[in-house]
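Here is a friendly walk through one model, from its sheet to its aromatic rings. Have a look at the fold before reading on.

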Amino acid sequence: MVSAMAQPPGSPATGLLVECRDEPGVLYRITEAIFRQGGNITYVAGGARREAVAELQLEVSGAPDERRLIADLEAVHGVTHVGLVPTFQAIYGKRVIVIGGGAQVGMVAQGAISEADRHNIRGERISVDTIPLVGEEQLADAVRAVARLHRARALVLAGALMGGDITAAVREIREAGIIVLCTNMAGSVPDAADVVVSDPVELTAAHPNQISRRNRRADLLAHIIEGKVE
């Protein structure tokens, strides 16, 4: 049995796993029930599906009483079960995305995972996602998508040559608040990134003498992990 309690205003989001029938109108009725309780949906994602049953992961803030919220959701036509679950922020924490091609992307991912391990072992939370890609169009699309990813805080680009539309995409996501780091490569991407370093393995724990641009904040991912960069 899942316990619930009243939440004070401004409290963190509540994670809910909603099991419901996979049919038109159910999501509308779920959001209407949350609205009636004064809640704001900060995240929604589809989960497992089996036959005519689907799962929704919701993160809701602002609802003052979890018990009433869950009871109202369970009363929604088409909903079969509602349970409390940890939010993805609580489980996976801040998110670092590693994108690139060739041998460097593997080394950068290794460095990012090592840095995350150094912090997570102390109880902090950071996750690392990576995808090897080549081609300007594919890389530019992937870079732009980082700004739409839930909990994404930083992008690390690894490769030998990046420019053109990739550079435009880097500038766009920096405006959206994403920190961009990259290896020292040919092309115009290094001019658009926040930080450029020479050693791909040390990219996530850069010392000031490794940083080749005007931004000389060392260990930028550590700043992100520790909450100094939101």
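Two strands count as paired if DSSP finds at least two bridges between them. Helices (H or I, at least four residues) and strands (E, at least two) are DSSP runs, numbered from the N terminus. This is a predicted model, in which local features need pLDDT of at least 70 and side-chain atom pairs count only at pLDDT 80 or more, while totals for chains, interfaces and linings use all residues. Residues are numbered from 1 along each chain as its sequence is written, and side-chain values use heavy atoms, leaving out hydrogens and water.

**The sheet**

Five strands form an open sheet in the order S6-S5-S7-S8-S9, with parallel pairing. Its edge strands, each pairing on one side only, are listed here.

| Edge strand | Residues |
|---|---|
| S6 | 126-132 |
| S9 | 195-197 |

Neighbouring strands of this sheet are turned by 20 degrees against each other on average, direction ignored. Angles run from 0 to 180 degrees between N-to-C directions, with axes fitted to C-alpha atoms, for helices over the stretch in contact; contact means heavy atoms within 4.5 Å.

Strands S7 (residues 152-158) and S8 (residues 179-183) pair in the parallel sense over four bridges. Leu155 has Val180 in S8 as its bridge partner. Helix H5 (residues 136-146) lies across S5 (94-100) and S7, running at about 175 degrees to S5.

**The aromatic rings**

Rings of Phe, Tyr and Trp (its six-membered ring) pair if their centres lie within 6.5 Å; planes under 30 degrees apart are stacked, over 60 edge-to-face and the rest tilted. The structure holds two aromatic pairs. Because Tyr43 lies in strand S2 (residues 40-50) and Phe88 in helix H3 (residues 88-92), the pair ties together parts that are 45 residues apart in sequence. Ring pairs link Tyr43, Phe88 and Tyr92 into a cluster.
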